[in-house]
Amino acid sequence: MKKIASFTVNHLDLLPGIYVSRKDYVGQEVLTTFDLRMTAPNKEPVMNTAEIHTIEHLGATYLRNNAAYKDKVIYFGPMGCRTGFYLILAGDFISSDIVPLITATFEFIRDFKGEVPGAHPKDCGNYLDMNLPMANYLANRYLEHTLYKITDENLHYPQ
């Protein structure tokens with residue numbers, strides 16, 4: 001069986017960043033999948049499920065309410081390896097196109113206080129598995145260590 005594209009990326013050299021993971025076509029429409037890598041794989045601890053779940057709720061809420069992108073958001077959710085998130089947008093994008101969007105998303109997550117949207121038993125299948133303070137911390141860490149000083153090295157997969 002052929003190895004899927006995401007398993008061909010050298011995770012030993014991968015830095016936190018924003019990467020185009022793949023582009024798919026549905027008819028004439030391009031779907032761009034982004035790898036929003038928050039931790040260095042196999043070098044830093046992975047995120048726990050509670051903070052990932054919280055980031056997912058807050059990130060999806062922000063992105064699906066963003067005036068410029070809400071009609072382009074197909075999916076926002078965690079990677080199984082717990083080192084980041086996937087964002088799928090309708091349209092043909094490159095990583096640098098969405099740096100302002102991802103920065104604003106993670107500033108929203110960093111600054112969010114109060115009740116996490118959708119964290120109710122009628123709205124979510126695991127509503128108790130949330131950790132807002134840790135989600136705030138991790139969002140700030142991604143902003144300070146990566147997004148605020150992003151370079152080409154954080155926008156293109158290592159060769």
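Visitor: Which residues of helix 1 and helix 3 meet each other?

Guide: Glu51, Thr54, Ile55 and Leu58 in helix 1 meet Leu132, Met134, Ala135 and Leu138 in helix 3. Contact here means heavy atoms within 4.5 Å. Helices are DSSP runs of H or I with at least four residues, strands are E runs of at least two, and both are numbered from the N terminus. Keep in mind that this is a predicted model, where local features need pLDDT of at least 70 and side-chain atom pairs count only at pLDDT 80 or more, while totals for chains, interfaces and linings use all residues. Residues are numbered from 1 along each chain as its sequence is written, and side-chain values use heavy atoms, with hydrogens and water left out.

Visitor: At roughly what angle do the axes of helix 1 and helix 3 cross?

Guide: Two packed helices are described by the angle between their axes and the distance between the axes. These two cross at roughly 75 degrees, and their axes come within 8 Å. That makes helix 1 roughly perpendicular to helix 3. An axis is a line fitted to C-alpha atoms, for helices over the stretch in contact, and angles run from 0 to 180 degrees between N-to-C directions. Under 35 degrees is roughly parallel, over 145 roughly antiparallel, 65 to 115 roughly perpendicular, and the rest is oblique.

Visitor: How do helix 1 and helix 2 cross?

Guide: Helix 1 (residues 49–63) and helix 2 (residues 99–111) have axes that come within 9 Å and cross at roughly 125 degrees, and the two helices are therefore oblique to each other. Their contact includes Tyr62 from helix 1 and Phe108 from helix 2. It divides into nine nonpolar residues, two polar and no charged.

Visitor: And at about what angle do helix 2 and helix 3 pack?

Guide: About 145 degrees, with the axes 8 Å apart. Among the residues in contact are Phe106 and Arg110 of helix 2, and Asn136 and Tyr142 of helix 3.

Visitor: On to the sheet: in what order do the four strands come?

Guide: Strands of a sheet pair through backbone hydrogen bonds, either parallel or antiparallel. This open sheet has the order 1-2-4-3, with antiparallel pairing. Two strands pair if DSSP finds at least two bridges between them. Strand 1 (17–26) and strand 3 (73–78) are the edge strands, each pairing on one side only. Strand 1 and strand 2 (residues 29–37) share nine bridges, while strand 3 and strand 4 share five. Phe76 stands opposite Leu87 in strand 4. Strand 3 and strand 4 form a hairpin with five residues between them, and Arg82 in the turn has a positive phi of about 65 degrees.

Visitor: How many aromatic pairs does the whole structure have?

Guide: Six. A pair of aromatic rings is described by the distance of the centres and the angle of the planes. Rings of Phe, Tyr and Trp (its six-membered ring) pair if their centres lie within 6.5 Å; planes under 30 degrees apart are stacked, over 60 edge-to-face, and the rest tilted. Tyr69 and Phe93 have ring centres 6.3 Å apart and planes at 40 degrees, so this pair is tilted. Tyr69 lies in the loop between helix 1 and strand 3 and Phe93 in the loop between strand 4 and helix 2, so the pair ties together parts that are 24 residues apart in sequence.

Technical notes
Nonpolar A, V, L, I, M, F, W, Y, C, P; charged D, E, K, R; others polar.
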